[in-house]
Amino acid sequence: MIRAGIIGGAGYTAGELIRLLINHPEVEVAWVHSTSNAGVPLADVHEGLIGETDMRFAETFDLNACDVVFMCQGHGFSRKFWEDNELPEDLKVIDLAQDYRDESDGYVYGLPELRRNEVELCRKLANPGCFATAVQLALLPLAQAGLLEGEVHVTGITGSTGAGVKPGATTHFSWRNNNISVYKAFEHQHLKEIKMTLSGLQGGKDPDISFIPVRGDFARGIFVMADITTGMEIGDLTKLYKEFYAGAAFTFVSDRPVDLKQVVNTNKCVISLEKHGDKLLVLCAIDNLLKGASGQAVHNMNLMFGLPERMGLALKPSAF
């Protein structure tokens with residue numbers, strides 16, 4: 001059994017990670033650390049775990065007591081943590097924050113659809129961001145084929161859980177409900193990792209991406225709409241995408257229109273294509289907490305430990 005530890009166990013991504021790991025046939029959760037909730041039952045904070053586990057949040061942590069540690073604290077915490085704590089020689093790290101997504105300090109950027117071989121061999125993994133995951137999966141086949149030559153227009157709408165568990169002015173129910181708003185237009189923090197990946201597929205040439213992130217009035221999911229100008233026929237574009245994702249465990253190209261209910265509560269990414277004159281429209285949907293965070297982290301863990309990719313992730317979408 002793989003012994004897993006979790007640093008920062010009180011947030012949304014940690015709650016989903018705990019839910020996945022306690023039901024994973026090859027994982028034993030050794031401890032879940034939370035300074036603010038030490039001694040409190042996990043199910044008191046993550047109420048969906050009622051009846052699933054009797055574990056309590058730990059005040060301390062023993063890195064030598066686990067095989068993998070998941071870092072679920074806020075951005076900037078991980079670098080400070082490893083300055084203060086020594087990484088045991090045999091311990092693997094999966095970081096869900098953005099601290100090492102630039103692949104510094106020996107971390108591998110863990111987008112399985114593109115980096116499966118590197119993920120299988122790595123010891124330290126940086127899990128991609130939620131918007132970054134959806135936008136990259138929407139554009140990877142185009143980048144590899146050299147089709148991102150002009151401006152790429154991307155609009156992405158995300159659920160309120162993407163803002164984290166700590167309440168804020170733009171996450172309060174009375175503000176978010178029946179409302180929609182744009183934030184960080186053209187300068188979202190995930191653009192850095194998106195461009196890093198796409199540039200690598202294009203021989204070092206940065207794509208020209210105009211990205212508009214939107215706050216949605218729903219809890220879970222990301223829906224991305226991307227368009228480019230291309231003369232390629234829809235049949236050839238569909239073939240391009242299906243061949244690119246032919247070996248992917250969780251990313252699928254659909255001949256039907258995409259909607260969020262196809263992916264919420266799963267680790268799936270579903271993509272569909274439309275051609276309107278010389279415009280290609282790519283639609284891409286994921287669950288921000290699973291495929292965009294904790295589910296992808298478990299997928300990466302499976303790869304790092306030589307397990308079947310879909311193990312522990314056979315989840316049914318919340319379609320109704």
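Let's start with a definition: a residue is buried when its relative accessible area is under 20%, exposed when it is over 50%, and partly exposed in between, using a 1.4 Å probe and protein chains only. This is a predicted model, where local features need pLDDT of at least 70, side-chain atom pairs count only at pLDDT 80 or more, and totals for chains, interfaces and linings use all residues. Residues are numbered from 1 along each chain as its sequence is written, and side-chain values use heavy atoms, with hydrogens and water left out.

**Exercise 1.** Find out how the radius of gyration of the protein chain fits the rule for a compact globule.

*Solution.* 
- Step 1: The radius is taken over C-alpha atoms, and the rule is 2.2 Å times the number of residues to the power 0.38.
- Step 2: For 320 residues, a compact globule would come out near 20 Å; the chain has 19 Å, so the two agree.
- Step 3: Along the principal axes, the C-alpha atoms fill a box of roughly 60 × 45 × 35 Å.
- Step 4: Buried residues make up 52% of the 320.

**Exercise 2.** Describe helix H7 and what covers its buried residues.

*Solution.* 
- Step 1: H7 runs over residues 191–201, and its buried residues are Leu-191, Glu-193, Ile-194, Thr-197, Leu-198 and Ser-199.
- Step 2: An α-helix has 3.6 residues a turn, so residues three or four places apart point the same way.
- Step 3: The cover over the buried residues of H7 includes strand E5 (108–109), helix H4 (112–121), helix H5 (130–144) and strand E9 (208–215).
- Step 4: Just past H7, Gly-203 takes a positive phi of about 65°.

**Exercise 3.** Which residues touch the most other members of the largest nonpolar core, and which element gives the largest share?

*Solution.* 
- Step 1: A nonpolar core is a set of buried Ala, Val, Leu, Ile, Met, Phe, Trp, Tyr and Cys residues joined through side-chain atoms within 4.5 Å.
- Step 2: The largest core has 40 residues, and Leu-139, Leu-142, Val-154, Ile-209, Tyr-245, Ile-271 and Val-282 touch the most other members.
- Step 3: H5 gives the largest share, 11 residues.
- Step 4: A second, separate core has 35 residues, including Ile-6, Leu-17, Val-32 and Leu-313.

**Exercise 4.** Locate Thr-35 and decide whether it is buried or exposed.

*Solution.* 
- Step 1: Look in the loop between strand E2 (27–33) and helix H2 (42–45); Thr-35 is there.
- Step 2: With a relative accessible area of 64%, Thr-35 is exposed.
- Step 3: From Thr-35 to Gly-204 is 169 residues in sequence and 43 Å in space, C-alpha to C-alpha.

Technical notes. Helix = DSSP H or I, 4+ residues; strand = E, 2+ residues; numbered from the N terminus. Contact = heavy atoms within 4.5 Å.
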